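Here's a quick walk through one protein model, looking at its charged pairs and its strands. Have the coordinates open as you read.

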Amino acid sequence: MKHRVKLIVPAAIFGMAISIPAIPQDDNTPAGQSMRQAGEKLEQAGSDTGSAAVDAFHGTKRAIADTAITAKVKTALHDDKEVGDRDIHVDTTAGVVTLAGQVPSRVTAERAEQIAMQTEGVKSVSNQLTVRATAGSD
C-alpha cells in the first residue's frame with residue numbers, strides 16, 4: 001500500500017499541473033462559474049491520472065509475475081529428462097504460457113506442455129511446438 005501511494009500521489013499532482021493550461025479562459029463567463037469549471041476539470045484530471053497510475057502499477061505487477069512464470073517453466077523443462085536441453089522458447093502473457101520451437105517427437109511436445117501446465121501461476125498453455133521432420137521421412 002505504501003508503494004502505491006508513492007506512485008499515485010506524484011502522478012495525480014503531475015496530472016493536475018499539466019491540465020491547468022487546458023482550462024478555458026472565457027472573459028464572458030462569471031468568475032465563480034470559471035472557478036467551478038476549473039475545479040471540476042482539475043478533479044477529473046486527477047482522477048484520470050490516478051486511474052492511469054493504478055493501471056500502470058497493475059500492468060507492471062503482471063509483467064513481473066509473467067517473467068517469474070517464464071523462468072519457472074524454463075527451469076522445469078530444462079530439469080526434465082525427456083525434454084532436457086531442447087530448444088523450446090517460452091513466453092508468458094497474463095499467465096498464459098506459449099511454447100514454441102521444434103522438438104523430436106509429439107511425445108516430447110506433449111511432455112513440455114504437461115510440465116508447463118503444472119507450473120505454479122500458469123493459467124493455460126498454448127503449445128505451438130512442431131515436430132522436427134527426420135531424414136528420410138519424405
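## Ground rules

Helices here are DSSP runs of H or I with at least four residues, and they are numbered from the N terminus. Keep in mind that this is a predicted model.

## Salt bridges inside helices

Side chains of opposite charge can pair when their charged atoms come close. With the cut-off set at 4 Å between a side-chain nitrogen of Lys or Arg and a carboxyl oxygen of Asp or Glu, the count comes to four salt bridges.

Because the two are four residues apart in H3, about one helical turn separates Glu110 from Arg106. Glu110 is partly exposed, at 45% relative accessible area, and Arg106 also counts as partly exposed, at 40%.

Arg62, at 30%, counts as partly exposed.

## A salt bridge between separate parts

Now look at Asp80 and Arg111, which form a salt bridge with the closest N and O atoms 2.7 Å apart. Asp80 lies in the loop between H2 and strand S1 (88–93), while Arg111 is in helix H3 (residues 106–117), so this pair ties together parts that are 31 residues apart in sequence. Asp80 counts as buried at 13% relative accessibility, whereas Arg111 counts as partly exposed at 27%.

## How the strands line up

S1 and strand S2 (residues 96–103) pair in the antiparallel sense, over six bridges. In that pairing, His89 stands opposite Ala100 in S2. The hairpin of S1 and S2 has two residues between the strands, and Ala94 takes a positive phi there, near 55°.

In what sense, parallel or antiparallel, do S2 and strand S3 (residues 124–131) pair? These two run in the parallel sense, over eight bridges, and Val97 stands opposite Val125 in S3. To get from S2 to S3 the chain goes through H3, and this β-α-β crossover is right-handed. That puts us back at H3, the helix that holds Arg111, the partner of Asp80.

Terms used. Residues numbered from 1 in each chain as written. Predicted model: local features only at pLDDT ≥ 70, side-chain atom pairs only at ≥ 80, totals over all residues. Heavy atoms only, no water. Buried < 20%, exposed > 50% of the residue type's maximum accessible area, 1.4 Å probe, protein only. Pairing = 2+ DSSP bridges. Right-handed = clockwise from strand over helix to strand, strands pointing away.
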